[in-house]
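Please view the sequence and the model together.

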Amino acid sequence: MMIYQSQYVPFLRLLAGVPIVDADHTPHFQSLAHYLLKCFGEQGLLSDMSKDEINLAATLSVYHDIGKSMLRPTLLYKTGPLSKEEQEQVKSHTEWGEFLIDLTIPELRGTTTHRFACEICRYHHERWDGSGYPDGLRGDEIPRYVQVIALADCYDALVAPRSYKPPVPHKEAAGMILSGECGAFCPALLKAFAGCADWVQIVVYGKESDPSGC
């Protein structure tokens with residue numbers, strides 16, 4: 001269900017033709033992205049965005065991995081380790097995603113919807129210290145709202161079961177992100193995430209916090 005409702009709805013209907021690849025995520029990913037965007041926005045960390053723009057970004061977050069639809073299924077669902085060449089092929093999904101958005105919905109060109117969708121697809125693997133891809137952006141060269149969606153992407157991918165791994169427990173997943181095991185994120189976003197991680201587990205995933213840390 002689309003979270004966002006505004007004058008952009010007629011354009012968003014066009015996105016129905018864009019394939020969504022969510023094999024690496026739980027059904028809660030979009031809710032997590034919306035929850036974090038909303039919480040961080042209320043804390044003044046997305047001060048350049050209106051409430052409507054935050055909701056729009058949350059709606060478009062579900063399309064962040066559409067570029068993976070251009071990868072071979074044998075590569076996408078491989079259970080063993082990827083070769084360096086295969087890793088580079090997987091990384092190309094960010095650029096493919098931007099390409100697919102622009103190709104599939106040219107009617108959106110020049111709108112905020114188009115810009116957000118393209119930025120989410122292309123930049124959700126960029127990292128604060130410049131170690132991400134495809135462009136090696138660093139700091140706030142990466143749109144702040146995309147940094148939030150990237151954080152949600154990491155967390156939900158960790159707690160989701162995959163063919164090659166069991167789900168990571170919620171508190172362990174949060175710890176991995178806060179410790180930098182999933183790449184560098186904006187310190188202000190990490191501080192805000194640390195303050196709401198337990199609520200993420202309860203509110204978004206419907207699980208009670210485990211005092212044992214699991």
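Which residue follows α9, and is its phi positive or negative? Gly180 comes after α9, and its phi is positive, near 90°.

## Basis of the model

The model is predicted; local features need pLDDT of at least 70 and side-chain atom pairs pLDDT 80 or more, whereas totals for chains, interfaces and linings use all residues. Residues are numbered from 1 along each chain as its sequence is written, and side-chain values use heavy atoms, without hydrogens and water.

## Helix α9

Helices are DSSP runs (H or I, at least four residues), numbered from the N terminus. Helix α9 spans residues 170-179, and its buried residues (under 20% relative accessible area, 1.4 Å probe, protein chains only) include His170, Ala173, Ala174, Met176 and Ile177. These residues cover an arc of only 160° around the axis, which places them on the same side of α9. The arc is taken from the directions between the helix axis and the C-beta atoms. Among the elements covering them are α8 and α10.

## Helices α8 and α10

Helix α8 (residues 144-159) packs against helix α10 (residues 187-204) at an angle of about 45°, with the axes 12 Å apart. Arg144, Gln147, Val148, Leu151 and Tyr155 in α8 are in contact (heavy atoms within 4.5 Å) with Leu189, Leu190, Phe193 and Val200 in α10.

Conventions: Axes fitted to C-alpha atoms, helices over the stretch in contact; angles between N-to-C directions. Helix = DSSP H or I, 4+ residues; strand = E, 2+ residues; numbered from the N terminus. Buried < 20%, exposed > 50% of the residue type's maximum accessible area, 1.4 Å probe, protein only.
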